[in-house]
Amino acid sequence: MPAPTKMISTRWDQADGHTLNGYLRTGGYEALRKALAMNPDAVVDEVKAANLAGRGGAGFPCGTKWSFLPKDIFPRYLVVNGDESEPGTYKDRLLMERDPHQLIEGVLIASWAIKAEQAFIYIRGEMPHAHERVAAALNEAYAAGYIGKNICGTDWSMDVVLHWGAGAYIVGEETALIESLEGNRGMPRLKPPFFPASKGLYMQPTVVNNVETLANLPWIISNGAAAFTSFGNEKNTGTRLFAVSGHVKNPGVFEVEFGTTTFRELFYDFCGGIREDRTVKAFIPGGGSAPWFFEEDLDTQLDAGVVGGKGSMLGSGAIVVMDDTTDMVKAAWRLVKFFAKESCGKCSPCREGTNWMEKIYRRILDGEGRPEDVALLLDVADNISPGLTWPPKQTTICPLGPSAAAGALVSSIRRFPVEYDHYIVHGRPIDGVSTGIYRPSLAPAS
Amino acid sequence: MTDTATTAPETPKKTTLTVTIDGVAMEANPGELLIAAAERTGTYIPRFCWHPRMKEVGMCRMCLVEVSGPRGMSLQPACMQPCAEGMVVDTKSAMVKKAQDGVLEFLLVNHPLDCPVCDKGGECPLQDQTLTFGPGESRFVEEKRHNEKPIPISDLVLLDRERCILCDRCTRFSKEVAGDPLIHFINRGNTTEVNTFPDDPFASYFSGNVVQICPVGALTASPYRFAARPWDLDQVESTCTSCAVGCRVVVQSSGDEITRLQGVDSDPVNWGWLCDKGRFDFEAVSSPSRLSAPLVRAARGAAPEKVSWSAAMTRIATALRTYQPSEIGFIGGARLTNEDQYAYVRLAKQVLRTDNVDAQLADGLTPDAWLGFPKATINDLATAGAIVLLGPDIKEELPVLFLRLRDAAVTKKVPVVEFAAAPTGVSPYAAESVRYRPGEVALAVKAVMAAAAGSSAERQIGGVEADSINAAGAILAKAIVSGKKVVVLLGRASMAEPDRAFVEAALAVSAASSDVVVLPAMRRANLHGALDMGMAPGLLPGRVTHGEGGAWFAAHWGAGPSNPGLDTAAMLEAAAAGTIKALVLLGADPVADFVDRDLAERGLMGAELVVAIDTLPNASNTHAHVMLPAAGFGEKSGTTTNLEGRVTVLSSKVSAPGTARPDWMIATELASMLGTDFGYETVGDITDDIAATVPTHAGATRAELRRPANADGIVVPVPTEASTPSADAADPSVEENAEPRPPSVAAPKPLRVRAVDGVVPQPDSYSLRLITGRVLYDQGSIVQASSSLAKLARPASVRLHSGEIERHAMHPGDVIRVVSQTGELALTIEVDDHLPRGVAFVPWNLADRGANTLINVGELAADGITKVRLESGRS
Amino acid sequence: MSRFNPANLERARELLTHYPRAKSATIPMCHLAQEQDGYLTEEAMAHIAELVGCTNAEVYGTASFYEMFKFHPVGTYVVGVCTNISCLLVGGEELLDHASGSLGIRPGATTADGLFTLEEMECLAACTEAPCLQVNYRYENKVTHEGFDRIVADLRAGKRADIPRHGMLGAVRQSIPADRRAGVKAI
Ligand SMILES: Cc1cc2nc3c(=O)[nH]c(=O)nc-3n(C[C@H](O)[C@H](O)[C@H](O)COP(=O)(O)O)c2cc1C
Ligand code: SF4
Ligand code: FES
């Protein structure tokens, strides 16, 4: 059975792992000193060589992204995406709460590499404990000379600022994150022309990186790209954090070698199997946006390319397992409801379409479904994401709306039409499935 | 004015690029948006959020088309796609059709579809798209979003959030164009709505524009709602005459009543925008207080009686015959059409041979200052090296010019140097605001120009700190070497300071470089036309003096003024002294508008005969022996001239009340009663006569003005090539311009600005210096006759620095007496710490007895300022 | 209903020094105001508008986009139960239903004593600890119905010193010592 490979989660169980002492005692800020001795471009090359893929969902190679920054346009900024709110995702919060200095060191290394004027750590609003831990760590690091004026005694100076979110999933999208950081409504910008690398924060060149992505940098700089690429396979290097939740015996967040482990190993070896030793009916391989996988996909490796090839994504490493007792209509509805609630409202198809789909679902769940509703759901979805393929085509600016259309909704309808028909004909789920019946009594008070 | 093809220099290298739209290759300009390029070449891509005068946001998604890219064809919003060389576009594919139908259906799911009761019904892009592209019956069986039906977001605008499709047009306009971001998106997702901050209304001078650009019926104007249905509207294009910017408009009427004005996108002028005063003061046209029949008074003070036109005209003609030319005076006329003005000038200067004609009421500048500088156009603002403000608060007086200037400053980054004794609407956008002490503007400007020329200031001059002088100097120095134009907005910043102070200041700026051009910041709609037509003492039509133009007009008219005449101040003095016996008021209200109210009243009292020709009664009419009802805006056609010297067409849409007539008819008839036949049958005859006889207006014929190429009007003097007929043929129904100029007389040389010497006010620690400027919504008869606007005029007040209030042991809110040499006003104290100490700001024409109660022409001339004292308690 | 008190005005001004552009401080300032008053008052938004140099409507427009800002008084304790997929699968909805029953209010409402406001939350990034909830954004993991009642009882009894009143975000703040500041360049 494969063992967890600890690269970025080494201090999670260390009582003082979040303090400067605890961090320094375990080799903290050595990588920063090493990076500062290197030429920034050499740091970029090292990260490129490590082939570190972004961990925020899109999986874009980090070093390559950095090299998109236009030459000699300054100031530039680094923005850390700590807005973790994709359904099922649980890793960035742990990295921020339990090993904040590792993140900060990663931020400093990245800032040095891209010659950032300033860095902002944008933390999701609903995570005050993460704020406290990162704030405390920043204060320590400033006092100890790792941040601010003359970092580590060099003539390089830079400020790192902790920024609070306030509750809006869409702000996780990088251009919305930038809008939000500018003090605006978190509504995404159209790419092109507003690629952060060219027109980002304050319309200046900007790199947006996920917390986990940056947390890998100290290790890469200390141990070198070669050592890093010796983990995982050639396309998927290093490790990844996977949060496995839902109907497994022992849900948890595991750091495993990237690209090698399979879903089956994750569910059965790491998580001790499915609850009550039931069978897997469906599972989400990469967050609430992702199309679903089923029993026959269990032996797929946790390899971005392979999962993508099978029409879904590893996304943010959020894996949700649903056993054979799960009400698929209900489960799909809950995800559609999420996107409907979180639409920023900018694009008509997403603003109106996701809410329309959610209303149709409610009718079906309330026993008032009409025979034409499933076809209607699919057609409304198709108007948000033409063709309902993956990765999704868009009539919208960002992929939020299209995820609501081409994710859970399509997966569940295509795989479990019977369950929809049963609701529509009998006004209730097929026998033997639950996840609780939808209760009008729970409709939010207006 | 001619089609550019013939005049544009041939550029060798290809500056355009090729895009293929629906299989047809076409030229696009670099950076041009696909949606605009497509429309220009005849392919209309549906849209809701995109507006050509605002930044694109790509929100509504209606404009999705298939565009070629690295990964093949993909759906892209045409409003956010700059054209690229070789770009292939499909606007009609099945994918596009489905996407657009889908978007439309989405926009309709929460829309009430209450078209039958909606103001926009019949002219609604959403309704039109639905008919053209939209799916049939709704597949949306769920409960729609509900909102309280129209809520007022300002005194003039209502918002129906159920109809709103969240296109972001109104909100973008408020921030990007007006600079008043008081409406905003609130909440998120499908609960997003447009709204204001609680109890903080959309109080913008430009709020009406959001009603015009709303693509659905969500925003409606209270002066229009339910007044008429778009389909029984019928409309003509015309020009707004509420101020001298001359915004192009369409005037819509229903029955025989004007119901609405809409801005027309005139590129050199208003870009489609209007201010709320211009948009809504059409209400005055149908005001019940309009003069509708001739009135006469047996004696001064007696009640006016209705009489026939012939009776009234005979009384006037008979009286005028008995007076010497020097005993007759004409005051006003700055709001009339060019044709009215020309007819009056001929009546006065040719027929009555008096030169006592003045369109201004000592509240402007001398004609040579308005006309004699090298002229700028509004478009020059955007490309200028710097803009110098030497006039009134243009946000209050020339609102759409303010929008153009704001655009130049904000988006084109043109530095603005503002000379203003008190903060103005432009101050937030000024690179440097030079705060001079009232009366000392010339000193301040000269100091700044000296700094620009290298000798920077060490100490305070004209009340301005050395830093400010040097900062302004540096900006202007940079602009002058840049070789770009330096545009001076010149006007009368305060009626409590003499005009020559501002002229002296302007001369100091223009002396610095030949690139200095001047845009006259004059408020009255057709003051430029009035001066062009010679409505000033010593002036003849075509911006010429008697000396220059005498022979020329003698040749045309057979006669001219006997000897140089008087300006309004002198006419009123003369009337008060009994040497002027007849005063004719041409839409003028000296009691309210002449700088010295006391003199105005004495003058009107002194005259034997006061004739008032006007649309509405006013304070001066009470002195009138004869009142003639004139046709007003929307009731007469002709031409008007904006502050650039741009001649545009005015159209009549509704009939005048009662027997009211256009002024040109009144002038023409009086002339014939006095024995001279002008031979004018129609107003067009005068337009062509002006083009034929007034050298500056050669070429501004009816035919030229009607050419599509001249839709934005003709800036006079006309560049010679303009008069040569070209591609788009003239309207054959009108003959080319008439009588050729007599070759014997050479065309006169136009006016040059004359040097003036100012006075430096003597400081006087005891009294305060008065500043008075106009505000958009005042006690003016037109605003007050427009029910929707009248209530927006704020109560009169005196604005003071809190330091001054304390020094006088007074308190904000106190009603105190503001006392000057000539008069006093009881006003409420308002704190304004943006004002310097030592000054008192009293808005012009806000109280029933306005700031002109405090001004004395004698003191102005002698001291160069108006001094006032504050005294507590009512008198 | 109030503007920033002197101490918070001090903090607000400090926040301005963290950003190249003042408006970026809007959201942190809104949190600060909510910490002061328990919710975001109109006076506070107007004060923030002054500080960051924009209109009241712009501050309101930004603030109202975000879930966490409340424009009306809420309970001392805002109880947010996650019902998103991971929690749903192991009883998140039943937990919300139970909470609704035992507090006697529907989601979105506040108890008569003004102590509790109940909310249905989206994924809280505690998916492996489902079903979970937050009290003023402090986590409670693997919450049973009995567990819920105990939490409520403890809160009523004032036994949860670890949970500050609603609005208080981070107990620890970032403060950049003047002598260590690199210095933020305005843009
Ligand atoms: C709707 C949406 C939500 C997202 N949410 C997050 C998030 O919560 N955290 C995150 O790191 N990235 C999120 N992303 C991805 C970001 O846009 C961006 O790709 C990422 O932060 C880049 O960092 P990386 O290259 O290091 O992965 C989201 C993207 C979308 C479209
Ligand atoms: S797709 Fe939805 S979330 Fe994304 S920008 Fe459009 S409206 Fe906003
Ligand atoms: S017009 Fe292009 S998205 Fe609205």
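Between chain A and chain C of this predicted model, 37 residue pairs are in polar contact, counting pairs in which both residues reach pLDDT 80 or more. Several elements of chain A supply at least two residues each to the side that touches chain C, and they include both strands and helices: β2 (118-123), β3 (159-164), β5 (239-246), β6 (252-257) and β8 (318-323) on the one hand, and α7 (128-143), α8 (174-181) and α13 (328-342) on the other. The largest share of this side of chain A comes from α13(A), with 9 residues. Sorted by class, the side of chain A that touches chain C holds 44 nonpolar, 26 polar and 18 charged residues.

Taken as a whole, the interface brings 88 residues of chain A into contact with 64 residues of chain C. The two chains bury about 6200 Å² between them, and 56% of that area lies on carbon and sulfur atoms. Charged side chains also pair across this boundary, where the rule finds 7 salt bridges between chain A and chain C. In one salt bridge, the side chain of Lys337(A) meets that of Glu120(C), with a distance of 2.9 Å from N to O.

How values were computed. Residues numbered from 1 in each chain as written. Chains lettered and ligands numbered in written order. Predicted model: local features only at pLDDT ≥ 70, side-chain atom pairs only at ≥ 80, totals over all residues. Heavy atoms only, no water. Contact = heavy atoms within 4.5 Å. Buried area = accessible area lost by both parts, 1.4 Å probe. Salt bridge = Lys/Arg side-chain N within 4 Å of Asp/Glu carboxyl O. Polar contact = N/O pair within 3.5 Å; in protein donor to acceptor, adjacent residues only side chain to side chain. Helix = DSSP H or I, 4+ residues; strand = E, 2+ residues; numbered from the N terminus. Nonpolar A, V, L, I, M, F, W, Y, C, P; charged D, E, K, R; others polar.
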